[in-house]
Amino acid sequence: MTLPLIPLRSLGVVAAGVVLVAATAASCGGGSSSSSSSDGGSGPGGAGAGTGTGAGAGTSQGPASSSSSAAGTGGAPPAVGSGGSEGGGPPAHVPGEPISIPAQAWSRGITDGVYEDGAPIGGFGAGTITWRFDGRFYKGRLDIGSSDQSVDNNAGFFMYQKAEGGDAQTKRLDKDGLGQGQATYSSLFPRSWVDYHGAAFPCKAKVEQYSPIIPGDYKKTSYPVGVYRWEITNPTGAPCDVAVMLTWKNDHGGNGAMVQTSGDDVGLVLTRGGGAPNAEGQGEFTLASRKAPGVVVSYQSADSVAALQSELANDGALANTTGGHSLGAIAFKATVEPGKSVIVPIVLAWDIPVTQAGSGDRWYRAYTRHFGRTGNASWTIAAEALAEHEPWLWAIQDWQTSVLDDPKYPEWLKGALFNELYYYAVAGTYWEAGAASGQPDDPDEDMFTSLESYIYPFYGTSDVRFYGSWALFSLWPDIDKQEVRQFCDSVTTTRSDRPRAIGTTAHDFGDTDTVFRKWNAYTYRDSTNWKDLNSKLVLMVYRDWALTGKTDKEFLDYCWPAVKMAMQKVKGQDGDGDGLPESNGIDQTYDDMDLHGNTAYCGGLFLAASEAAKELATAVGDASLAGTYQTWFDQAKGGFESKLWTGAYYKIDTGSRDTSRIMSDQLAGQWYARALGLPPIVDPSHAVSAFTKIYENNFKRFDGGTRGVVNVMTANGSVDGTSNQTRECWVGTSWGVVSGMIQEGLAAQAGEIGASLVDTIWKTDGLWFRTPEAWEGNGSIRAPYYMRATTLWAAKHAYDIAP
């Protein structure tokens, strides 16, 4: 997809509640497990010590119509709350564990940078809230599909401290309230941290933010909730009173505040008027915390943040009053003795049951399957979070540790692997649990999809998700299967709750106004004639079936009619009888790249799809069709080698003005076939030679090997400038090259490319939590928040299967 490039600078269970522990060196603002104590932060780093991956984390309420319970290939965590045993596994967890920031987390000072995004909270399809690394909140993405990032000045954290014999001070915990050198932000999504290590306060503080984004746990991954687990440490010689306050405004119909309590749990509910919600602008929020000996929780609603801050500044407690305000706060206060620490959670939960596609259909969000559709369950959600927040954290820690401590993965991969998962939270993700406006719908099937990007607001985008679905498949395979089934529907469905089938794989499920109600909102090119979409669908079907154990007959049977038709469609695009589909201009994912005749890209995908289709035909018992697909493969492979192989690499095509150009994505079919355990589509020596050519030209000669691989180079080693897409590096396709190289035994070269991509995103260009589709050598980027960047989970898979 194409729009002008954007100059970089223009982008502006055992409940643990509160625990008192003895302070350690690490919890006093230092230690090897913490982030850098300078405001400048630190980049990726640290070494791992090697453990294996854990077992599946549970499969509560996955999408309907899938019989798979496999955890995928992502190294899912053990069951929530589990610990070590004679059989090995992660270490046992205990309530009140000190906050520890892994060395692989990406860090920066809260005053650093021009663009100040951060890791979001909120489950898939629940809408998200972002606490930016500068300490400010935006919540426009609670409106699913919205890209509104306006800062909400009514939302924020505040801290009060008064040392014995000293003066009280209260500050807002953002960069303006604290200044330079006071705090460092770190992230390893779904966890992120702020370490308040500076001299602004005598006591030091850390906070760990997370939502229960847990592989294999489909229920909790949908929750509309975020946890802020605070650790206050007193390194001084005198007791110190410390309070933390969170302020919030309900701008989803808020009309008052009320208090809810249960045991030691206290919640301020920012209520709304009216009956059951019927629009996405209707909902409620709860701010909650937990009392304990020596810890007091207070609350207040008010007409301004200034009034709440003034009340906190008096003595570190709020007035415990409510009224007809849509704005309120929760606070905890503790007296921390010298050398001691206190750990206290603050929870932010919301209940906005309905989401709406523009002015069209309304849908219930996935979490409503567990908390109902009344719109007043935010306290129930918050109470569960207070009770379970530490087991949730342990599950996330164990999952991440299984990767961070595994020496087979390079250090540059580890932080990127988790942080790029932010995409599924913020990318306008729909995960519906039933129609809310009477449109046709199967009430037992929960459709799922996310945006290609906010600039290209198309849902699902099959040519892109072929790359960018590896993370979803690896961690929540049942969700990925559901989305693949939806694309199969575009080919063959007769269902009344789907748009009419178009006989070929759709480009998308509609845009922000028509999601689930229209195929192909994208009209920039005629995607019904593209030469890659059908091969890609077949490969995604095979992946989701084969790599989850080849046992999901229901999934296979559902997809099989579409597989047959998709294969026939590609075969029908072979105009000269050589077995390969012919391109006739712009007719694949590179939708500004003019290719003609046989192409390495689409031809290789068809070869891999023929192998996959043969295996699927064999699995359903159609030996005749399996033989047909083998014949197609044999014929196409001959043409692929005779027409495209140069002796060193595969030509970009056979009919353009310069057929000898070197395309970085020329072996996409080889990468996918190897990744799926299928035979290689080309001789391994040819693959090694071609990848080496890409490394030497598209990587080393593009900005000196510092910014990934450029899409197309000429044979003489210069960047092809015939279109913006030829001269761009595409992040997601670069990860496909990295993955393919690893699988062919070129791990060292792949590592150089991978490290350059990570450095560009998270260090050199500061593209935190907005990884784009593309950049050029001059640093201009295109399409931030892009789906395809999550392809780096395919690189993890490549390391997993490497000999």
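**Reading the assignments in a predicted model**

User: Why is Ser107 called buried in this predicted model?
Analyst: Its relative accessible area is 6%. Buried means under 20%. The value 6% falls under that cut-off, so Ser107 counts as buried.

User: Where does Ser107 lie?
Analyst: Ser107 is in strand E2, residues 106-109.

User: What makes the pair Ser107 and Ser186 a polar contact?
Analyst: The side chains of Ser107 and Ser186 are joined at 2.6 Å. The cut-off is N or O atoms within 3.5 Å. The distance of 2.6 Å is within 3.5 Å, so the pair qualifies.

User: How do you know that the span of helix H11 agrees with its number of residues?
Analyst: H11 covers residues 553-571, which is 19 residues.

User: Where does H11 bend, and which proline follows?
Analyst: The bend is at Cys559, by about 40 degrees. Pro561 follows within four residues.

User: Which residues of H11 are buried, and what do they pack against?
Analyst: Among them are Phe555, Leu556, Cys559, Trp560 and Met567. The buried residues of H11 pack against helices H9 (477-492), H10 (533-546), H12 (600-619) and H13 (623-644).

User: What is the strand order in the sheet that holds E28?
Analyst: The order is E27-E28-E29, in an open sheet of three strands with antiparallel pairing.

User: Why are E27 and E29 called edge strands?
Analyst: E27 (729-730) and E29 (781-782) each have a single partner strand, so one side of each has no neighbour in the sheet.

User: What makes E28 and E29 a pair?
Analyst: Pairing takes at least two bridges. E28 (residues 774-775) and E29 have two bridges in the antiparallel sense, so they meet the cut-off. Ala774 stands opposite Arg782 in E29.

User: How do you know that E21 and E22 pair?
Analyst: E21 (residues 430-435) and E22 also share two antiparallel bridges. At least two are needed, so they pair. Tyr430 has Thr449 in E22 as its bridge partner. Their open sheet has four strands, ordered E19-E20-E21-E22.

User: What is the average pLDDT, and where does pLDDT stay under 50?
Analyst: The protein averages 90, and 89% of the residues score at least 70. Over residues 1-17 the pLDDT is below 50. Residues 20-87 also stay under 50. For residues 20-87 the model has 195 contacts beyond four places in sequence.

How values were computed: Residues numbered from 1 in each chain as written. Predicted model: local features only at pLDDT ≥ 70, side-chain atom pairs only at ≥ 80, totals over all residues. Heavy atoms only, no water. Expected span 1.5 Å × (residues − 1). Bend = angle between axes of the 7 residues up to and from the residue. Buried < 20%, exposed > 50% of the residue type's maximum accessible area, 1.4 Å probe, protein only. Contact = heavy atoms within 4.5 Å. Polar contact = N/O pair within 3.5 Å; in protein donor to acceptor, adjacent residues only side chain to side chain. pLDDT = per-residue confidence, 0-100.
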